[in-house]
Each structure stands twice: as structure tokens, then as C-alpha cells.
Amino acid sequence: MRIWVPGDSAARALGADEVAEALAAEARARGIEARIVRNGSRGMIWLEPLVEVEIDGVRHGYGPAVPADAAAILSGDAPCALGPVEALGWMRRQTRLTFARVGVIDPLSLAEYEAHGGLSGLRRALAMDGAAVIDEVSASGLRGRGGAGFPTGIKWKTVYDAPGARKYIVCNADEGDSGTFADRMLMEGDPFSLIEGMAIAAHAVGASKGYVYLRSEYPDAIRVMGRAVEIAREAGILGADALGPGRGFDIEIRKGAGAYVCGEETSLLNSLEGKRGIVRAKPPLPALEGFMGRPTVVNNVISLATVPVIMEKGAAHYAGFGLGRSKGTVTLQIAGNVKRGGLFETAFGMTLGEAVNDLGGGSATGRPVKAVQVGGPLGAYMPVSMFDTPLGYEEFDAAGGLIGHAGLVVFDDTADMLGMARFAMEFCAIESCGKCTPCRIGAVRGVETIDRIREGDPSALPLLADLCETMKDGSLCALGGFTPFPVMSAVRHFPDEFATAKEAAE
Amino acid sequence: MQPPAPSLSADEIRAIIHRHLALEGPLLPILHALQEACGHIPEAARAPICDALNITRAELHGVITFYHDFREAPAGRHVLKICRAEACQAMGGAALAETALARLGLGWHGTTANGAVTVEPVYCLGLCACAPAAMLDERPVGRVDRARIDALLAEAGT
């Protein structure tokens, strides 16, 4: 009997370990030979722990499961039965390209990885020369999924053209944005896809070493990735002849140390070098002078993990999904105060409202939704009136927001928008690297200015707007430069909350 | 469960440093390894690190103090991280954290008098779809409410 109980940390946070133990104990007591696989999460976090049992070759789901359900799950008559998992609406409506294997396979089984299409992208890439691989990635339209949306192919081409005997592939796995967990889920659920993506990138640009800079807040992901790298090394996917005779490529997992700003690529590179995570001025681009001053590809987890499926199925297949210049799929992460939270991979173009109301089912508290923060702590608060905005890079830009890493944090009508604006400034002050003045000082002044608004000082609001302009135009990186997005979007869309205090005081 | 923080001998410190010297950019791995071994970055490790990496004491101090993770003194026997980020706030995380801190009579980063637990703020654990979230040592906990926080604190020995 084959049973799956996710080992994903969100599932563990909801009691998956206890459920797995109860199932194992129950199976032992009944003398059933059960093989319990700790898979990744299917992404339906509201159903976690989601146990799956194979019945006549079909995986049936039970969730959210508690340890007391173990007996009934093994008998097949548990009240939390969901039927075949693949037939659930949430699963059927998705286009799972990057996440095709997450939740399906044993994350650390290379055999299962290969049986589900793994490594065929790398094999195809290795039969082509680097320039042809880059052309393929460019043709797919893949853009940086970390938030900036920069075309991946152009970045690779720059590194390819850069002179240098030693080049690097650095994976940015410092997923610090609230409301995002796609990187974590992928690394915990399908680590080989990231390794394969990095190997393809290394072959394309001529790199010999890769680093995964993984945040310390993700101990499970660090463990799984570390083990996956060892397995890949044993199998020769990494190592001295990984990319062909004498063409070595290896990967090292590096643990971050709790600094949000290290998700910014130049700060990440400094951190990797063993320095303070201070932002570097650009130029020079990391593509030309990155890690140790050498040509470096810095890509997000999802960008790199999407490369294998592009190479496997071809650029045209991938580019066939999406909207305008936002090609392929977006991995929506629906979070916060929402009834059905989780990860949903779909072609770009779905509207924000569909994602929140239709997929997410509205707020968890049952109260009206008030705002959705899209794209992490540096993303704008979108009011319900903007729910018709399609999820695409340009579409969100035009609406005064950013899609970022595609995290959607839902708030109900009890949210204190002035408080959230203040928090954005406070967070920026705590996490600022300190290099540039608009961010380091501006964020502190921002907190003070919002406090003055709360206290009813009528001169403070124009000052806040002015400060935000300065931060936006004068900051070196997105931390100081984008903190005005949540702040000013809260002011713009919820002016009453910034005005009432003033009028009350007058 | 974190083991009680042992103190490291000069030889042990040297061994930890030298184990990482072949890495490119070895400083963060060295600091993590030292902290794993004894719960903080011991003062006695500073001079050998500076010697081995050819950096100044000021540079090293800059790095240690830049990152939230590195400690100059050991934490309590357990570390409870409570998420302060937006998704958790949307589910009442701020009030929950206040309650927990008030119950212990601590501020953020404080350690209980019996040394059982240190409470730290964290900005996202990637558990945003089951907010509010916390982490006791390395164990993730989702949909935290007052009862669950009380249970975690009791488990930690407060």
C-alpha cells in the first residue's frame, strides 16, 4: 500500500509528522505493509495535512487529516475523503509546468524524478551548444520570477559573452517576501529541478560552479537541497564531468543569516563573499562582475527550475501560455486572510479578483476583503476596485503596482491601512543595509511621519508623499525604492484612514 | 531541542575555521558553524578568524552585527520565532505576538529568567497560507492561536 504524507514545512506546521506517525502505527497494528512517502505539498495548504492513498493506481486524498483519522484512512472510509486528488478543481484548473512534480514524487528519489520527465531537458541542452540553449530560453520568453521580470535569456547572453575563465551560477533562494513560498515549496518538493536548471544554465554560459543562497528561515529546504546535491553528485549530474568529459559543474548550498536585503542580488553576492550584505552600485552588472568580481548569472529559484521544462518541451510550448509579454506560467501564492490559501500555477492573465475570490474563496474570517498586497512587502495594496487587473508584469505596472514574486496577501475589512503603511516603513528601517541615505534615514523618518499623521498633524501627509518620492528616486535598490509602493498605495486607495485622524484632531 | 551551549577550546575554534578555508567566501559558513557548535560567536574566535581570513576586527564585527542570525551571547535553550510579516498580520499575528511577549514579560529578543526560551521576531517563514506562523527551534508551526502559543511555551519550559 502506497501512502503519501507531505513533508513540506507548511504541512508539517499543520501536523503532518504526527499524521504520518499515526498512519505508520496503524498500518503496523493491522499488519499492512505500507510505504509512506513524504512528498512535497500539492499546494492546497488549506487541506494540509493532505494524505494520499493509492487505490487501484489512483491517488485518493484525505484532508485536512488529523492523527485520529489514521484508522479510517486505511479503511477508506474517512470523513475527510476528497476523492482522486488530480480530479479536484484546484488541481484540474492549473497549468503545472514548473510545479509538475511537486507533491507527486518523492523529492529525493532521482528515479522518480527521471520517470516524471526529469533530466530530459538537461540531456537535450547538453546536445546543443551554449548559444543555442540561450536562444531557446530567450524564445520561451522566460522572465525573472524573483520579482524584477528581467528576460532570463538576455541575462545569460551577457554572461556568455563576458570574458572570463571562471563563471558562476548563483541561485537566489533568499525568498524573504511575506506571502511568498513558491521557492520553498519547490526546493522541498522537487529539488532536482533546481539542480537541473542550474546545470543547464552552467552549460549555456560556460560556468563551472553554482551556489544556492538559501535563507536560514527555511531549515527544511536547506536539508532537502543539501541531500539532493549529494545524490546528484553520486549520480554524476554534478561533479568533475557533469557537463561532458572534463567539463565540471558543482553546487554548494549556502545558508543566509536573516537579512532580508540579501534577496537583492548585489547584496546577496556580497554576503556570499563573506561581507556585510550591502548593496552594490550598478554598473557593473553582476553578469559581468558578480561573485568574486567574475561573470555571474543570478537567478531566482523559480526561474531556474522552469528552465528544464522549457528545454524538455521546447520554447514554443512554454511561450504558448501567458499574456502579452508575460509568457508562460505564474506561480500564484495566495496567502494571508484567505479561505483557501496555497500555490496555484497558471498562465499569466488571470485577474486578481479571480485569484482572490474564485480560487481563494474570499477571506478566512468571512468578512469582506479590503485589500490585497501583491508582490511582497514592497508591493502595492490593491483595493477591491482594482480586482479586474490581469496578473501580468506590464498590467500591474500600469495599475501602479508590481507582480513581484506573485505572492498575494489578502486582508479583510478590519485591516488598519495606516498601520500597514507604517509597518512598511518600519520594516524598511529594520532591514535597510544602510548604504544609501534615502533608505537608511528615509525609512526612519517615514515611521515618524506616519505617526504624526495618526496624531492628526495636517502637514505630515504632503511630507510623506515628498519623502516617498525621494526614496523612490534616490535609493540604490528596491528596498528603499519600492517601500513607497505599499505606503503610497495605502494613502491613495484608503485616503479616509489617513484623513480621519487629521479631521478628528482638528 | 538545542543542547546547552558548550564553550569551545582554542583548538576547536581553529579546527572549525580551517575546515572552511577552502571555500570561496568562507566567513558566513565559519560563523554559522561556530554558532552551531556553541550557540553564539565567541569572543575568543574573533582574532583567529581575522588572522585566517586576513580581515580586520572592524570588518569582522561589521559582518557579525549586520546579520540578525549571529549572536554575541548564547540564546535561551529554545528559540521561539514569531512571524511579524504582513501575511501573519492579516491573521492577527501582531496581537498574538504581543500576548505572548506580555505573558513572558519580555520584549523582542528577550530571554526568560530561567533561560528556557528566547523570543525573536522573524519576517516570514514561508508559511503564509497557514498564518499566523511561528517556529520553535527548527519546528514550523502554523495557524498559531493563543492556546498553541501557550503549549509551545510550556513545551519550551517557561
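Tutor: Tyr213(A) stands opposite Arg254(A) in strand 8 of chain A. This is a predicted model, so local features need pLDDT of at least 70 and side-chain atom pairs 80 or more, while totals for chains, interfaces and linings use all residues. Residues count from 1 along each chain as written, chains are lettered from A and ligands numbered from 1 in written order, and side-chain values use heavy atoms, without hydrogens or water.

Strand 7 and strand 8 of chain A pair in the parallel sense over 6 bridges. Two strands count as paired if DSSP finds at least two bridges between them. Helices (H or I, at least four residues) and strands (E, at least two) are DSSP runs, numbered from the N terminus.

Widen the view to the sheet. It is open, has 4 strands in the order 8-7-6-9 in chain A, and its pairing is parallel. Strand 8 and strand 9 (296–300) of chain A are the edges; each has a single partner strand, so one side of each lacks a neighbour in the sheet. Neighbouring strands are turned by 20° against each other on average, direction ignored. Axes are lines fitted to C-alpha atoms, for helices over the stretch in contact; angles run from 0 to 180 degrees between N-to-C directions. Helix 13 (301–313) of chain A packs on this sheet, touching strand 6 (168–173) and strand 9 of chain A. The helix direction makes about 95° with that of strand 9 of chain A.

Now the interface. 65 residues of chain A are in contact with 38 residues of chain B; contact means heavy atoms within 4.5 Å. The two chains bury about 3,800 Å² between them, 58% of it on carbon and sulfur atoms. That area is the accessible area (1.4 Å probe) lost by two parts on being put together, summed over both. In chain A, Ala257(A), Arg276(A) and Phe423(A) lose the most area to chain B, together 15% of what that side buries.

There are 3 salt bridges between chain A and chain B, each a side-chain nitrogen of Lys or Arg within 4 Å of a carboxyl oxygen of Asp or Glu. In one salt bridge, the side chains of Arg294(A) and Glu24(B) meet at 3.7 Å, N to O.

Which elements of chain A supply at least two residues each to the side that touches chain B? Among them are strand 7 (209–214), strand 8 (250–255), helix 11 (219–234) and helix 17 (417–431). Helix 17 of chain A gives the most, with 6 residues.

Chain A has a further sheet to inspect. This open sheet of 5 strands has the order 2-1-3-4-5, with mixed pairing. Its edge strands are strand 2 (35–37) and strand 5 (81–84) of chain A, each pairing on one side only. The twist averages 25° from one strand to the next. Strand 4 (58–62) and strand 5 of chain A run antiparallel, joined by 3 bridges. His60(A) has Pro84(A) in strand 5 of chain A as its bridge partner.

Finally, the backbone. The peptide bond from Gly63(A) to Pro64(A) is cis, with omega near -10°. Pro64(A) lies in the loop between strand 4 and helix 3 (70–75) of chain A. Another cis peptide bond joins Pro283(A) and Pro284(A), with omega about 5°. Pro284(A) sits in the loop between helix 12 and strand 9 of chain A.
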